[in-house]
Each structure stands twice: as structure tokens, then as C-alpha cells.
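Hi,

Here is the structure I said I would pass on.

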Amino acid sequence: MARRRNPVIEWIITSACLTFGAITARLPIPVCRGLGRAVGLLAYSLVPRVRRVSLANLDLAYGDTLTRREKVRIAKRAAQNMAIVAAEFSHLPRLRGDFLRKHVRIVGFEHLDSDRGTVLTGTHQANWEWIVPA
């Protein structure tokens, strides 16, 4: 059975997300990244589910090959990365031209043959939503 959600809590979360997006849309990218790092660390520290799920997944993936300290470091960085992606998300409509050339680097594009079909692969790294406008 699905867990019932509290409409007041949902309204608070939705309002916080919309406010966060409105604020980050007006901030420069470097400031958004700093804010994202802080929010991610805050989420890791204050939201038990973020910590619990992250560490459980790292336990499944790495078992005893990493120490608890290493797993905590990875989990904190993952939470920060997710918040950085969220903080940069409001900038997607402005991703073009010089802005893209300054912030996105595509390696190996010169190997594509425009006369043939191509399959592109890439890593899921940083803010991968930027791949489409790039």
C-alpha cells in the first residue's frame, strides 16, 4: 500500500523548490554551485533518509572494499552534486553560444562523420542535462 502524503508537507516542499529555482535563476553559475554544495551537505546532515539510502547503496555496491569513512565521503559528495544540479537547473533556458563554450567541453566531436549515422555515449557526470543544448 502506498504511503499517504500530507498535503501541507507537499505544499511546503513544492514552495521551497519553486523558491529555490527562482533564486538560483538570478544568481551566477559559480554562486549556484556554492549554494548547491551547501544545500547538499545540509540535506545529508539533516535528512536521515538521504544518509540512510546513500550509505545502504554504497554498502551494496562496495561491500567491505571501502571503509565507512570513504563511503560517508562519497555519500556527502553525491548529495552535494545532486544539489548543484538542482541549483544549476534554472539556467537551462539560457544555455547557448558563448555561455556553453565557456562551461561545456565536448571531447572527440571531430571524429563524427556527418554523412553517416552516429551513436553517442557519454558519462553521467556533473550536470548531464547540459548535454542536449551543448
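Thr118 sits in the segment after helix H5 (97-103); helices here are DSSP runs of H or I with at least four residues, numbered from the N terminus. Thr118 counts as partly exposed because its relative accessibility is 43%, where buried means under 20% relative accessible area, exposed over 50% and partly exposed in between (1.4 Å probe, protein chains only). From Thr118 to Val31 it is 87 residues in sequence and 37 Å in space, C-alpha to C-alpha.

Before you read on: this is a predicted model, where local features need pLDDT of at least 70, side-chain atom pairs count only at pLDDT 80 or more, and totals for chains, interfaces and linings use all residues. Residues are numbered from 1 along each chain as its sequence is written, and side-chain values use heavy atoms, with hydrogens and water left out.

Now the salt bridges. There are 3 of them in the structure, each being a side-chain nitrogen of Lys or Arg within 4 Å of a carboxyl oxygen of Asp or Glu.

- Arg5 pairs with Glu10 at 3.6 Å, N to O. Arg5 is exposed at 62% relative accessibility, while Glu10 is partly exposed at 36%.
- Arg33 pairs with Glu88, with the closest N and O atoms 2.4 Å apart. Arg33 belongs to helix H2 and Glu88 to helix H4, so this pair ties together parts that are 55 residues apart in sequence. Glu88 is buried, at 4% relative accessibility, and Arg33 is partly exposed, at 25%.
- Lys71 pairs with Asp59, the closest N and O atoms being 2.7 Å apart. This one links distant parts of the chain, with Lys71 in helix H4 and Asp59 in helix H3, 12 residues apart. Lys71 is buried, with a relative accessible area of 6%, whereas Asp59 is partly exposed, with 37%.

Helix H4 also holds Ile74, which is partly exposed at 27% relative accessibility.

Last, what about Trp11? You'll find Trp11 in helix H1 (residues 7-25), and with a relative accessible area of 60% Trp11 is exposed. Together with Val8, Ile9, Ile12 and Ile13, Trp11 makes a nonpolar surface patch of about 540 Å². Such a patch takes residues with over 30% relative accessible area and no salt bridge, joining nonpolar side chains (Val, Leu, Ile, Met, Phe, Trp, Tyr) within 5 Å and like charges within 9 Å; the areas come from the Shrake-Rupley method with a 1.4 Å probe.

Cheers

How values were computed
Helices (H or I, at least four residues) and strands (E, at least two) are DSSP runs, numbered from the N terminus.
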